[in-house]
Each structure stands twice: as structure tokens, then as C-alpha cells.
Amino acid sequence: MTSRAAGLPLDGYRDIERGAAAPTLEVLDRLSAVLDLDPVWLRRSEGGRAAGA
């Protein structure tokens with residue numbers, strides 16, 4: 001499960017997926033590692049919505 005692998009509570013992960021919560025840059029980095037995505041691409045595709053961006 002992606003949320004568990006990234007160390008996120010399931011409800012928090014669901015909120016991010018729905019757009020109800022903005023992930024921090026740390027969370028984006030953890031998700032990019034779990035999903036094998038380029039963290040720069042993931043941060044850029046977030047469009048500055050991430051908390052702390």
C-alpha cells in the first residue's frame with residue numbers, strides 16, 4: 001500500500017489524492033521514492049500547492 005510505504009496515515013493519503021490536503025515537500029519526496037518518480041517532476045507537477053513550497 002502506497003500510504004504505508006510512504007509512512008502516511010491512510011486518511012491523510014486519501015486527502016492528498018482528492019486534493020483536500022496539500023502535501024509538504026517532505027511528503028512529496030517520500031511519495032516520489034515509493035512511486036519511483038523523479039522528485040523534481042512531482043514537485044513541479046504539484047504547481048506550488050505543496051505546503052512549504
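Okay, let's start at Ser3, which touches Leu8, Pro9, Leu10 and Tyr13 once you skip residues up to four places away in sequence. Touching, or contact, here means heavy atoms within 4.5 Å. Before I go on, a word on the source: this is a predicted model, where local features need pLDDT of at least 70, side-chain atom pairs count only at pLDDT 80 or more, and totals for chains, interfaces and linings use all residues. Numbering runs from 1 along each chain as its sequence is written, and side-chain values use heavy atoms, with hydrogens and water left out.

So, back to Ser3. It sits in helix α1, residues 2-5. Helices are DSSP runs of H or I with at least four residues, strands are E runs of at least two, and both are numbered from the N terminus. Ser3 has 2% relative accessibility, so it counts as buried. The cut-offs: buried is under 20% relative accessible area, exposed is over 50%, and partly exposed is in between, with a 1.4 Å probe and protein chains only.

Zooming out for a second. The chain has four helices and zero strands, and buried residues make up 25% of its 53 residues. Of the contacts with a separation of 6 or more, 41% are between residues 24 or more positions apart.

Now, which residues form the largest nonpolar core? There are eight: Ala6, Leu8, Tyr13, Ile16, Val27, Leu28, Leu31 and Leu42. By nonpolar core I mean a set of buried Ala, Val, Leu, Ile, Met, Phe, Trp, Tyr and Cys residues joined through side-chain atoms within 4.5 Å. Two elements give two or more residues to this core, α2 (10-18) and α3 (25-35), and α3 has the largest share, with three. As background, nonpolar side chains in soluble globular proteins tend to be buried together.

Take Leu8 from that list. Leaving aside neighbours within four places in sequence, Leu8 is in contact with Ser3, Tyr13, Ile16, Val27, Arg30 and Leu31.

Let's look at α3 itself. Val27, Leu28, Leu31 and Ser32 are its buried residues. Viewed down the helix axis, the buried residues of α3 fall within an arc of 135°, so they line one face of the helix; that arc is taken from the directions from the helix axis to the C-beta atoms. On the other side of α3, Glu26 and Ala33 are exposed. And just after α3, Asp36 takes a positive phi of about 55°.

Ser32 is the polar one to look at in α3. Its relative accessibility is 3%, so Ser32 counts as buried. Beyond four places in sequence, Ser32 touches Leu37, Asp38, Pro39 and Leu42.

That brings us to Leu42, in helix α4, residues 39-45. Leu42 is buried, at a relative accessible area of 14%. Leu42 and Leu28 are 14 residues apart along the chain, with their C-alpha atoms separated by 7.0 Å.

Where does Leu35 lie, and is Leu35 buried or partly exposed? Leu35 lies in helix α3 and is partly exposed, with a relative accessible area of 39%. That's it from me, so over to you.
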